Structure formats: C-alpha cells, structure tokens
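Grab your viewer and work through them step by step.

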Amino acid sequence: MSPLKNVVLVHGGFVDGSGWQAVHHLLTREGFNVSIVQNPTHSLEGDVAVTRQVLDAQDGPTVLVGHSYGGVVITEAGRHPKVAALAYIAAFAPDKGESVSTLIADPAPGAPVPPILPPRDGFLFLDRDKFAHSFADDVAVEDAQFMADSQVPWGVDALNGVVAEAAWRTKPSWYLVATLDRMIPPPAQRAMAERAGATVSEVLGSHAVYMSRPAAVAELIKQAAGVQG
C-alpha cells in the first residue's frame, strides 16, 4: 500500500487546535496534507460530528490523530471509511461503552490527580496555578501560562461521552506514550495502548508532548502513514 498523505489532527480538552502548529509545520514540509479539527468540546457527539465533517473533505485514505480526550473522539469517529490508521498521542483509547469518566474513575495509588475544578454551568476547567505543572511542564513558561489563561471550557457531556464502537478494533493503531505525563499516567497510557494492539513508542514529555516534542509526534504519525524513516 502506498504511504498515506492525508492527516487529520484532533485536540483534547481545555485547549484548541492551535497547539498542533509545530506538528503541522513538520508534516506539511514533508508533503502531507494536514487538517486540524477545531472541536468545541461540549459533547462527544458534537466533536465526532465535527471530526467526521473534516474526514468527509479528505481526498483519500487518512491518518486520524488524537491527543488526550481527542483519543476518545478518534476512537468513535475513526470508523469513518476514509480513516486508514489511528494515532494516539498521550491519549485516552476507550473501548465500547467507556468514556473519559469511566477510564479515570479508579486511579492507581499514588498516581497524579489532574487539577480539574468543580464544574461551572456544565463545563470543566483546570486550576490556572497548577496548569503548567500538570499539563505542560516542559513547555516554555510564557506559553504554558497563556494556555492556562486561554483554556477552552471542557463540557461534562464530553467527559461522560460513551464510545459506541471502538475504531481500533478494526483499524491499525499507533500510540505515543508521554513518560512525564501528569494528566494521564504513563502506566494507564501503556495499558490502553496494549489493549488496543497499538504499535507503541515512548518519549520523555509532558501531557503537552505534541507541543514540546513535535518531532517525536510527527515521527509516530509518519509511521502510522506508512512512511519509512
């Protein structure tokens, strides 16, 4: 099979698609057609619909990439016929009937607890003062502060959105474990990747690994696309 040239990037909760900028630049320089989904993150259903619209516009087989909560979105939207491969970047990889809420319900003893504040009007935010430490510890201080101050409200309905069928059961998948992640513990990432039968790579990086280690992220995506490094 010829290498895939289309890539669709899906962001997670609390952030928007602009964080993919460095990954976008690396991939487009190598001739990939890269599209970035701007999910409203109000509900899983809504985010899957937006992602499917972007997939509809692709001109052929596509690598669908998700970071964090974006992994839930691609697990559901990845059943789209144009999706040929899935790439999870420090992401949730749920199975049928699971959600972010169920996956984080029983953390391992000693695992870091994300500083999620109580819901406000049905939306979640991270504690601004703890955002950098938990989400973006290896991102430039000013950039991490901007991320904290420009948070996108993450809907409780997105947190609780349940996957109907897991795309990784029928599509090949790749997974990049961020070994310094304080939002999704690395052991949980490894367990989800193993269950999905994903091809796994690991990199020293925070939860914002797509920003701090874009070359490693781009390399995993290239592997999923069938490009030999």
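Axes here are lines fitted to C-alpha atoms, for helices over the stretch in contact, with angles running from 0 to 180 degrees between N-to-C directions. Helices are DSSP runs (H or I, at least four residues), numbered from the N terminus. The model is predicted, so to speak plainly: local features need pLDDT of at least 70, side-chain atom pairs count only at pLDDT 80 or more, and totals for chains, interfaces and linings use all residues. Residues are numbered from 1 along each chain, and side-chain values use heavy atoms, leaving out hydrogens and water.

**Exercise 1.** Describe how helix 2 packs on helix 3.

Step one, geometry: helix 2 (residues 44–56) and helix 3 (residues 70–77) pack at about 65 degrees, their axes 9 Å apart. Step two, handedness: the crossing is right-handed (near helix turned clockwise from the far one by less than a right angle). Step three, contacts (heavy atoms within 4.5 Å): residues including Leu44, Val48 and Leu55 of helix 2 meet Val72, Val73, Glu76 and Ala77 of helix 3.

**Exercise 2.** Work out how helix 1 meets helix 10.

Start with the axes: helix 1 (residues 21–29) and helix 10 (residues 214–224) come within 9 Å and cross at roughly 50 degrees.

Note on methods: Helix = DSSP H or I, 4+ residues; strand = E, 2+ residues; numbered from the N terminus.
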